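Here are some notes to read beside the structure, written for someone who is new to this kind of description. Please keep the sequence and the 3D view open while going through the points.

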Amino acid sequence: MSDLDKAVTIATPEDTKNVGFVSLGCPKALVDSERILTQMRSEGYNISNSYDNADLVVVNTCGFIDSAIEESMDAINEAMNENGKVIVTGCLGKESDMITDAFPEVLAVTGPHAYEEVMTALHDHCPPPHDPHLDLLPPQGIKLTPKHYAYLKISEGCNHRCSFCIIPHLRGDLVSRPIGEVLSEAQNLANAGVRELLVVSQDTSAYGVDTKYQTGFWDGKPLKSNLQTLAEALGEMGMWIRMHYVYPYPHVDKLIPLMAKNKILPYLDIPMQHASPRILKLMKRPAKSARMLERINAWREICPQITIRSTFIVGFPGETEAEFQELLDFLKQARINRLGCFMYSPVDGATANDLPNSVHEEIKQERYDRLMTLQAEISAELLQEKIGQTMTVLVDGHQDGNSIARSAADAPEIDGAVIITDQQLPVGEFAQVLITDADQYDLIASVA
Ligand code: SF4
């Protein structure tokens, strides 16, 4: 499959200009792609899924780790070979020299969230049709996700300087979107039939820090731009609201009562990265794992149904066996429901590259395997406790005669699923199911 096959196609009249679009990278980049696609459609461009039919191709790149850089360079190469008129945008666009050195014929290179620059380059090299078909644009914009869920990006950039990460270098410091604009987008999505909103940014809990929690307006009412107020307002829109990338600031505690009252989903994606205070300090992360454990316990007291998702890095430079063991001990106590683990790999430009005592690849792999084995046991035990429960699920699709759905505990793409074996339920609709069995990561259910 070519990269362009991953793009969307929308039927339009024949006199429109055709633009190919390749979208790579994380959900934040996906939202950038959606904004650019929305703007293109509002100006009457057609989105083509074939290089041959396209008048020009936009490639939205990712530059997070070396493999993402490679994938992005391959995608640009393919677009250059197959079409030849290419605009490059996204995180890798910050490294414009690398791109123009390799592909001198590229028409333009912009950085991430440079919507206007992309549109200006598009106008220069592929002028829009004279009569934009504004009425073709659905008010919720163009979505690359299935119709029933959507990502809602609330800010760009990040004020932290975690030593393993170059996102602030690529995307700059935090810039929060106005609360009225965010809520207006969310309402449009709700009106269009979206059932679940995944709130994303580089640092969701920092929302509003850069604007000093400026007051905005929504539905004629003044609202402070902070995460709690935003969550409360989103919680009134009748959709599942799922919080991702929540950096562990103290004020995150204020979200938990909203989860207990089912205003937003009892789901917190809170990257912790490690549990050893020394390693956390080297990572330039909050370094109090004992306090983290206390907070997790307090959250579960207030909201027993909460699902905690986190990510951890093993094999960070200088990580000793004792420090890795500290991480395992923390996980045994914290019993995180959903966990992603990465073996540390150096990223060009990250300050962690200068740290001494890098961990041997074999040891990284061995620690990764031990951590994932432990987590598989914890996950299986936690899922066993759900057998016999009735729960609401959102149906994502069908496979092998089963309906594949997700509960409040499962984010799309990264968590487990609820497999309903007795009925093919309508996709994008909620259903009540009875949990009959569980394995390490998924639940088996029948319609209640
Ligand atoms: S909080 Fe996230 S995006 Fe910001 S520097 Fe740390 S890892 Fe990178």
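1. Leaving aside its neighbours within four places in sequence, which residues is Cys-341 in contact with? They are Phe-312, Val-314, Tyr-368, Leu-371 and Met-372, where two residues are in contact if their C-beta atoms, placed from the backbone, lie within 7 Å. Cys-341 belongs to strand E15, and helices (H or I, at least four residues) and strands (E, at least two) are DSSP runs, numbered from the N terminus. Cys-341 counts as partly exposed because it has 17 C-beta neighbours inside 10 Å; a residue is buried if 20 or more other C-beta atoms lie within 10 Å of its own, exposed if 12 or fewer, and partly exposed in between. The C-alpha atoms of Cys-341 and Gln-273 are separated by 8.5 Å, although the two residues are 68 residues apart along the chain.

2. Two remarks on reading the model come before the rest. This is a predicted model, in which local features need pLDDT of at least 70 and side-chain atom pairs count only at pLDDT 80 or more, while totals for chains, interfaces and linings use all residues. Residues are numbered from 1 along each chain as its sequence is written.

3. An open sheet is formed by 5 strands in the order E2-E1-E3-E4-E5, with parallel pairing; two strands pair if DSSP finds at least two bridges between them. Strand E2 (46-48) and strand E5 (108-109) stand at the edges with a single partner strand each, so one side of each is left without a neighbour in the sheet. Within this sheet, strand E3 (residues 56-61) and strand E4 (residues 86-90) are paired in the parallel sense over 5 bridges, and Val-59 stands opposite Val-88 in E4.

4. Helices lie across these strands. Helix H2 (residues 66-82) lies across strand E1 (18-23), E3 and E4, and runs at about 180 degrees to E3, whereas helix H4 (residues 115-125) lies across E1, E3, E4 and E5, at about 175 degrees to E4. For these angles, axes are lines fitted to C-alpha atoms, for helices over the stretch in contact, and angles run from 0 to 180 degrees between N-to-C directions.

5. Helix H11 (residues 321-334) and helix H12 (residues 361-384) pack at an angle of about 10 degrees, and their axes are 11 Å apart. That makes H11 roughly parallel to H12, since angles under 35 degrees count as roughly parallel, over 145 as roughly antiparallel, 65 to 115 as roughly perpendicular and the rest as oblique. In this contact, Phe-324, Leu-328 and Leu-331 in H11 meet Arg-367, Arg-370, Leu-371, Leu-374, Gln-375 and Ile-378 in H12.

6. H12 has 24 residues and reaches 34 Å from its first C-alpha to its last, which is close to the 34 Å expected at 1.5 Å a residue. The buried residues of H12 are Lys-364, Arg-367, Gln-375, Ser-379 and Leu-383, and what covers them includes strand E14 (307-314), H11, strand E15 (338-343), strand E19 (430-438) and strand E20 (443-447).

7. In strand E12 (residues 240-243), Trp-240 and Arg-242 point one way and Ile-241 and Met-243 the other way, and all are buried. Strand E9 (residues 196-200) runs parallel to E12 and is joined to it by 4 bridges, with Val-199 opposite Met-243 in E12. Tyr-245 lies in the loop between E12 and helix H8 (255-260) and counts as buried because it has 21 C-beta neighbours inside 10 Å.

8. A closed barrel of 5 strands runs E16-E17-E18-E20-E19, and its pairing is mixed. Neighbouring strands of this sheet are turned by 50 degrees against each other on average, direction ignored.

9. Finally, two loop residues deserve a look. Most residues other than glycine have a negative phi. Lys-212, in the loop between E9 and strand E10 (215-218), has a positive phi near 55 degrees, and Lys-212 is exposed, with 9 other C-beta atoms within 10 Å. Asp-400, in the loop between strand E16 (390-399) and strand E17 (402-406), has a positive phi of about 50 degrees, and Asp-400 is exposed, with 7 other C-beta atoms within 10 Å.

Conventions. Expected span 1.5 Å × (residues − 1).
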